[in-house]
Amino acid sequence: MTTIIKILAITLLADFVTGFVHWLEDSYWTINTPVLGKWIVAPNLEHHQNGQAFLKKTWLESSWDLVLAGSLIIAGAYLLNRLTWELGLFTFIIMNANQVHKWAHITNYQKKPYLIGLLQKLYVLQRTDHHGQHHRKPNDSHYCVITNILNPLLDGAGFWRGLELLFKKTTVRA
């Protein structure tokens with residue numbers, strides 16, 4: 001596999017993993033979910049009610065949880081002697097997913113770093129118009145926030161609705 005194909009595959013995997021967590025936040029976790037409710041779900045709900053509030057947070061304020069998860073992945077891989085450039089890239093992308101997400105919330109290209117706007121115009125990073133579809137009622141699509149590639153495929157195939165059916169059949173609700 002060439003390096004470029006590996007980079008694309010790693011990027012799409014990171015997009016899917018972060019999209020899956022985003023789907024869990026929107027679909028199953030609540031403000032009352034232990035630990036995650038206060039620290040992860042509450043900011044996500046705020047972002048859905050006011051997308052511009054998300055932009056006021058620093059990189060660390062909006063990415064601390066991803067940095068923590070990424071650091072644990074890197075530390076575990078290092079301790080197991082399994083640290084590779086591929087895992088490093090995957091972790092780097094995941095740790096910056098919320099920053100890419102924030103850039104997709106900025107509608108004015110003049111207010112984005114030039115390179116980011118260019119990458120969005122070239123469809124490398126998720127565009128504002130693409131991500132905006134996630135914020136339209138009923139907010140049940142476009143969970144992946146890094147690229148423009150996976151959402152049309154996953155949404156078109158009914159992936160998230162199928163996953164919800166699977167969850168309903170395999171989980172017991174009190």
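This is a predicted model: local features need pLDDT of at least 70, side-chain atom pairs count only at pLDDT 80 or more; totals for chains, interfaces and linings use all residues.

Me: How many helices and how many strands does the chain have?
Reply: Helices (H or I, at least four residues) and strands (E, at least two) are DSSP runs, numbered from the N terminus. Read from the N terminus, the elements run α-α-α-α-α-α-α-α-α-α. The count is therefore 10 helices and 0 strands.

Me: What radius of gyration does the chain have, and why does it agree with a compact globule?
Reply: The radius of gyration is taken over C-alpha atoms, and the globule rule is 2.2 Å times the number of residues to the power 0.38. The C-alpha atoms fill a box of roughly 45 × 45 × 35 Å along the principal axes. Because a compact globule of 174 residues would have a value near 16 Å, the chain agrees with its 17 Å.

Me: What percentage of the contacts with a separation of 6 or more is between residues 24 or more positions apart?
Reply: A contact means heavy atoms within 4.5 Å. Among the contacts in the chain with a separation of 6 or more, the share from residues 24 or more positions apart is 58%.

Me: What percentage of the residues is buried?
Reply: Buried means under 20% relative accessible area, exposed over 50%, and partly exposed in between (1.4 Å probe, protein chains only). Of the 174 residues in the chain, the buried ones make up 39%.

Me: Which helices are included in what covers the buried residues of H5?
Reply: Helix H5 spans residues 85–95, and its buried residues are Phe 90, Thr 91, Ile 93, Ile 94 and Met 95. Their cover includes helix H1 (3–27), helix H4 (59–79) and helix H6 (97–105).

Me: Why do the buried residues of H7 line one face of the helix, and against which helix do they pack?
Reply: In helix H7 (residues 114–121), the buried residues are Ile 116, Gly 117 and Gln 120. Seen down the axis, they fall within an arc of 100 degrees, so they line one face of H7; the arc is that of the directions from the helix axis to the C-beta atoms. On the other side of H7, Tyr 114 and Leu 115 are exposed. The buried residues pack against H6.

Me: What phi does Tyr 123 have?
Reply: Tyr 123 lies in the loop between H7 and H8. Most residues other than glycine have a negative phi. Tyr 123 is not a glycine, yet its phi is positive, at about 65 degrees.

Me: Which two residues does a cis peptide bond join?
Reply: Most peptide bonds are trans. In the loop between helix H8 (128–132) and helix H9 (150–156) lies Pro 138. With omega at about 10 degrees, the cis bond joins Lys 137 and Pro 138.

Me: Is Asn 139 buried or exposed?
Reply: Asn 139 is placed in the loop between H8 and H9. Although Asn 139 is not a glycine, it has a positive phi of about 55 degrees. Its relative accessible area is 17%, so Asn 139 is buried.

Me: Which residues does Ile 106 touch, not counting those up to four places away in sequence?
Reply: Ile 106 lies in the loop between H6 and H7. Its relative accessible area is 16%, so Ile 106 is buried. With those up to four places away in sequence not counted, Ile 106 touches Leu 55, Lys 111, Lys 112 and Thr 128.

Me: Where is Thr 170, and is Thr 170 buried or exposed?
Reply: Thr 170 has its place in helix H10 (residues 159–170). Because its relative accessibility is 56%, Thr 170 counts as exposed.

Terms used: Residues are numbered from 1 along each chain as its sequence is written. Side-chain values use heavy atoms; hydrogens and water are left out.
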